[in-house]
Structure formats: C-alpha cells, structure tokens
Amino acid sequence: MTDSNKDIVIIIGKLVLISVIASALLAVTFVPTNEQLKKNYAEARTSTLAEIMPSAAEFEAVYGDTVINDEGDKEILYYRAKDSSGNLVGYAFFRKQVGAQGMIEVAGGVDSSFNAITGIGIMAHTETPGLGSKIADDPFKSQFTDVKVADLSLSKSGGAIDSITGATISSQAVIDALNEQVGDIKMAEA
C-alpha cells in the first residue's frame, strides 16, 4: 500500500470513528431529552388552560375513542372547567388548524353557556416571522377575551376581531379553530 492510500484509509477510519461516537452520544441524550420535552409540553398546556379559563380550579378531560400512543392513552377532545365548588364554568380545548404556512395549535376557552370566549393561547405555529407569527402576541390574542361567540369573525366580515395586517389567513385560521371547536363541544355536550 502506498503512503497516499494509507493516508486515505486513516482519514476514513477517523471519520467513521467520529461518526460512531457522535451517534452514540445522540442515542444516549435522546431519551432523557425527549422525556423532558414531553414534560415541558404538558406543563405548558396546563398553565395555558389556567390562563384561558382563570375562574376554573380544575379541568376534567373528556376523552375520545382514538388511541394516540403505544401506552394506550386516548385522545383528549376537550376539558370541562370547574370552579372550586365543582360547578361547571366553561370548556377549554386545544385545536390544530391549518394556517398560511403550516399548522397552528390554538388553545381556547368558552363559558358554560357557549356565549363568550374566555381567552386564547397559541401553543405552536410555523407562520411567517413578523407577520403571521403575530397571532401569538398579546395585541392579537387579547381581542378574544370575553368576545361573544356570535361576534367571532374578522371585523371586515362584521365581527369583533381585527386581523393582523398582511396575515389575514393566519388570523382567520385562529378564528376558524375556535368556531369549529366550540361547535364540536356544543354538539357533544347537548
């Protein structure tokens, strides 16, 4: 074997060794990191429920029939929000809706008579930075607090919600998610 061939074999060997070590490190850190991400996501959902339904002391999950993981957990359709005496004060939910750039996960709450939205949160989105991403900012989200369900549409359509300039699709997606989920809950609770 010539010196140049020997150098190539040594370089390839080093690259393979580095790749094996990097793969092993990724494998070792994936499981605890993935578990922490799941824990953080669950905590974010819990705190968001409290923000969108501040009068609730507890949230009772309403399950569907769909199994969502290998552990046999069922899909949560929505939550019944109850005060400290156990009285129903409203319903809280998470809903995914297609926006302008991808999926938007909206958290929302509605009072027990389905008359007014109690608040919203944006859990995740991939909307355009500086435009559609403003759906997660307080000036947009605050418009939804105590808005009548009957007025839950964009102001250009006669509703109570001002769309974000240049991001009408994202704004409408949030409204659609709320209207559709409130309708679904109303039918389920009837």
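In the predicted model, five strands are arranged as an open sheet in the order β1-β2-β3-β4-β5, with antiparallel pairing. The edges of this sheet are formed by β1 (58-67) and β5 (117-124), each of which pairs on one side only. Neighbouring strands are turned against each other by 25° on average, when the direction of the turn is ignored. Between β1 and β2 (residues 74-82), which run antiparallel, there are seven bridges, and F59 has A81 of β2 as its bridge partner.

Two helices pack on this sheet. Helix α1, comprising residues 3-52, touches β1, β2, β3 (88-98), β4 (103-111) and β5, and the direction of α1 makes an angle of about 160° with that of β5. Helix α3, comprising residues 168-189, likewise packs on the sheet, where its contacts are with β2, β3, β4 and β5; the direction of α3 makes about 130° with that of β3.

The burial of α3 was examined residue by residue. Buried positions in this helix are S170, S171, A173, V174, I175, A177, L178, Q181, V182 and I185, and the elements that cover them include the strands β2, β3, β4 and β5 together with helix α2 (138-141).

Taken as a whole, the protein contains three helices and five strands, which follow one another along the sequence in the pattern α-β-β-β-β-β-α-α. The radius of gyration of the protein is 23 Å, whereas a compact globule of 190 residues would have a value near 16 Å. Along the principal axes, the C-alpha atoms occupy a box of roughly 85 × 40 × 25 Å.

Among contacts in the protein with a separation of 6 or more, 46% are accounted for by residues 24 or more positions apart.

Methods: Residues are numbered from 1 along each chain as its sequence is written. This is a predicted model: local features need pLDDT of at least 70, side-chain atom pairs count only at pLDDT 80 or more; totals for chains, interfaces and linings use all residues. Side-chain values use heavy atoms; hydrogens and water are left out. Two strands pair if DSSP finds at least two bridges between them. Helices (H or I, at least four residues) and strands (E, at least two) are DSSP runs, numbered from the N terminus. Axes are lines fitted to C-alpha atoms, for helices over the stretch in contact, and angles run from 0 to 180 degrees between N-to-C directions. Contact means heavy atoms within 4.5 Å. The radius of gyration is taken over C-alpha atoms; the globule rule is 2.2 Å times the number of residues to the power 0.38. Buried means under 20% relative accessible area, exposed over 50%, partly exposed in between (1.4 Å probe, protein chains only).
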